[in-house]
Amino acid sequence: MILLDQVVSRNEKTASRILAGEAVVLTPMDSKIHGFNETGSRIWELLADRPTLSEIVAHIHREFEVSQEQAQSDVIAFIEELVARGMVTLGQRSREG
Amino acid sequence: MDIGDMCVLIASPHPQVIAHIQDRYHDFLSEEAPDFEIEMAFAEDADPAEYLDVPHEMLSDFIERSRAVEKRLEEPGAPSSSAVYWWGRQPSPFGESEADALAGSKPKVAHLGHKILFQRSDFAGCMDIQAGQGRNIFGKNMLPFAVESFLRICYSFLAVEHGGLLLHSAGVLRGDNGYIFPGQSGTGKSTIASLVTKHERVLSDEMVVVRIRDGQQLVYSTPFYGTNESAEQNIRADLKAAFLPIKDDEVYLKETRPAQALSKLLASVLFFGQEVALNQHLMDISAGVVAQVPFYEIHFRRDDSFWACIAERERMEVVK
């Protein structure tokens, strides 16, 4: 189960680029190329700073003008998909920050 | 040998290996100073693990599968080795599933420090990019296929090392303009290459090298062909545009979004590297190509009418 205070990090094996607001991600583990829509691309961009889920939700709620509930539901579904594909890992933020 | 302005010196104690290379890759032979050196030996010459200087257990895939292939080939009525090792040119008499199980279409790759080990059942090879050296070992029955497979993989790594890409793509020269038609099997590369008119010349129906050198985008022919051997010469041309082939009833060009172009380009790159830095480098090179080369979808029928769209685009470029 995903918790909102968990930190989301890109799998360091992935290579990615964001072109004109769209992310393209290469996963060498399975030789696949992934393309995301506007929201997914923005989330992938945010992952560069290893945010918590609640921080991602706040960004999406604010930037895409969707309700908090909708943003949370969408972000969790997307991150779960990325976890299942091995593209991100979940962890806890260290106390030192 | 020179492909994409990358020279490889090939050495072997076996005259038949050298004779094969001189014959098969005749138009790509060169006397330029090599960027990389490769030795090729037969499996009977040496212990494969010792020859490649890798742990024995890492070669299990090659050893087990090469034995299975040898055994299968010795059975009464078995087809020749050419039926097992094919590059998608014709259906295997073994049946595709058995041929795939025996030969395997994808090599198994492992990184050992700065060395890269790759193996299928027809060959095992190792490249040390930093040292500029590689070795390939294979059963002598597998001569043409093991050499071709190894060279394709070697050049895929060398291309990235030199800031380029070995692409699954048809390449066409039209006047001085080079064009690529990247795509995986079945997208129409061979069809496009077969539909050239007197105004075009085929660089390859299967694989080209793309490089950006001194800010100039270049496309190179390769000896790695699919269904026809029309790329008989080592040719370099300015890369003017990339067309992603789409079979359709209508004929037209459509500009692609940058991310769409990058995804399609990456999907067409021959590359097996697993290392993080190598893949990031691959991504950077590909993004550089997308930034500098116009990409279009080219919707085409099985006739040469799509060249009119490309000619129209050339006229628009001149007007600009």
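Predicted model: local features only at pLDDT ≥ 70, side-chain atom pairs only at ≥ 80, totals over all residues.
Residues are numbered from 1 along each chain as its sequence is written, and chains are lettered from A in the order in which they are written.

View 1. Helices (H or I, at least four residues) and strands (E, at least two) are DSSP runs, numbered from the N terminus. An α-helix has 3.6 residues a turn, so residues three or four places apart point the same way. Just after H2(A) comes Glu65(A), with a positive phi of about 50°.

**View 2. Helix H1 meets helix H2 in chain A.** The axes of H1(A) and H2(A) are 11 Å apart, and the packing angle is about 140° (axes are lines fitted to C-alpha atoms, for helices over the stretch in contact, and angles run from 0 to 180 degrees between N-to-C directions). The two helices are therefore oblique to each other (under 35 degrees is roughly parallel, over 145 roughly antiparallel, 65 to 115 roughly perpendicular, and the rest oblique). From H1(A), Thr39(A), Arg42(A), Ile43(A) and Leu46(A) meet Ile56(A), His59(A), Ile60(A) and Glu63(A) of H2(A) (contact means C-beta atoms, placed from the backbone, within 7 Å). Sorted by class, that's 4 nonpolar, 2 polar and 2 charged residues (Ala, Val, Leu, Ile, Met, Phe, Trp, Tyr, Cys and Pro are nonpolar, Asp, Glu, Lys and Arg charged, and the others, Gly among them, polar).

View 3. H7(B) (residues 258-268) and H8(B) (residues 276-292) have axes that come within 9 Å and cross at roughly 130°. On H7(B), the contact uses Pro258(B), Ala261(B), Leu262(B), Leu265(B) and Leu266(B), while H8(B) brings Ser286(B), Ala287(B), Val289(B) and Val290(B). This contact has 8 nonpolar, 1 polar and no charged residues. Look in the loop between H7 and H8 of chain B for Phe271(B), which counts as buried because it has 22 C-beta neighbours inside 10 Å. Neighbours within four places in sequence aside, Phe271(B) is in contact with Ser156(B), Val160(B) and Leu282(B).

**View 4. Where chain A touches chain B.** Chain A puts 13 residues into the contact and chain B 16 residues. On the chain A side, strands E2 (15-19), E3 (22-27) and E4 (32-35) each supply at least two residues. E2(A) gives the largest share of that side, 4 residues. The side of chain A that touches chain B has 7 nonpolar, 2 polar and 4 charged residues.

**View 5. Ser31 of chain A, with a positive phi.** Ser31(A) lies in the loop between E3 and E4 of chain A. Its phi is positive, about 55°, although Ser31(A) is not a glycine. Most residues other than glycine have a negative phi. With 13 other C-beta atoms within 10 Å, Ser31(A) is partly exposed.

Technical notes:
Contact = placed C-beta atoms within 7 Å. Buried ≥ 20, exposed ≤ 12 C-beta atoms within 10 Å, placed from the backbone.
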